[in-house]
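Hi,

Here is the structure I promised to pass on to you. Have a look at it first, and then read on for my notes.

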Amino acid sequence: MRVAVYPGSFDPITYGHMDVAKRALKVFDRLIILISVHPSKKAFFKPEERVDMVKEVLKDYLDNIDVYISSDLTVYEAKKLGATHMVRGLRAVTDFEYEFQLTHANRVLDEEIDSIFFMTDNKYVFLSSTTVKEVALFKGDLTKFAPPYVINKLNEKVK
Ligand code: ADP
């Protein structure tokens with residue numbers, strides 16, 4: 001069984017994250033979405049709310065997807081969960097720089113856990129959770145960015 005973790009803030013999950021997760025499921029039998037809690041990063045949604053949104057919008061895939069909150073380093077979590085790979089998404093060249101550093105730092109921490117990257121459909125290359133939150137704050141149209149369940153949660157938060 002091929003197992004991977006897909007770590008991220010998912011604050012909130014967008015169509016871009018969902019696209020990456022579905023692509024990863026073509027390669028891995030089990031994908032563990034790890035919601036990271038960074039003590040230094042200010043999040044919009046509580047970790048439990050982020051888990052709830054991920055589970056709801058990916059409910060058709062839950063036979064192969066698990067969703068957990070992570071408070072440890074991702075490589076250590078990956079090892080504990082029996083994963084061999086960490087899935088990440090790449091949008092533009094700007095992502096590359098950050099992911100490059102992260103991959104090599106993770107490799108120093110654990111040589112056996114490798115990183116694997118997927119590019120989204122070009123409809124989502126511009127999309128980030130930050131953009132979605134900014135559009136929500138100004139009551140913009142979010143229909144192309146995230147599923148209705150997530151949009152409702154965002155609208156409740158900014159009310
Ligand atoms: P983090 O704070 O760890 O970057 P995010 O939730 O912002 O967490 O992103 C998690 C992963 O998903 C990252 O690898 C990011 O590049 C990827 N990702 C997010 N949105 C998209 C998108 N629209 N297309 C491709 N990858 C994406």
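In this predicted model, the ligand is surrounded by 18 residues, and the closest are Tyr6, Ser9, Lys41, Gly89 and Tyr124. By type, that shell holds 7 nonpolar, 6 polar and 5 charged residues.

The side chain of Tyr6 has an N or O atom 2.8 Å from an oxygen atom of the ligand. A polar backbone atom of Gly89 also lies 2.8 Å from an oxygen atom of the ligand. On the nitrogen side, a ligand nitrogen atom is 3.2 Å from an N or O atom in the side chain of Thr120. On its own the ligand has 550 Å² of accessible area, and the protein covers 91% of this.

Where does the ligand sit? The space it takes is the largest pocket. Four elements are listed as giving two or more residues to the shell: strand E1 (3–8), helix H1 (15–24), strand E4 (85–90) and helix H4 (93–109).

As for the chain as a whole, it has 6 helices and 5 strands, and along the sequence these follow the pattern β-α-β-α-β-α-β-α-β-α-α. The radius of gyration is 15 Å, close to the 15 Å that the globule rule gives for 159 residues, so the chain is as compact as a globular protein of that length. Along the principal axes, its C-alpha atoms fill a box of roughly 45 × 35 × 30 Å.

Best wishes

Conventions. Residues numbered from 1 in each chain as written. Predicted model: local features only at pLDDT ≥ 70, side-chain atom pairs only at ≥ 80, totals over all residues. Heavy atoms only, no water. Near = heavy atom within 4 Å. Polar contact = N/O pair within 3.5 Å; in protein donor to acceptor, adjacent residues only side chain to side chain. Areas by Shrake-Rupley, 256 points an atom, 1.4 Å probe, with all protein chains shown as cover. 1 Å grid on protein atoms, 1.4 Å probe; cavity = no way out; pocket = protein on both sides within 12 Å on 5 of 7 lines; lining within 4 Å. Sits in = over half its atoms within 2 Å of the grid points. Nonpolar A, V, L, I, M, F, W, Y, C, P; charged D, E, K, R; others polar. Rg over C-alpha atoms; globule rule 2.2 N^0.38 Å.
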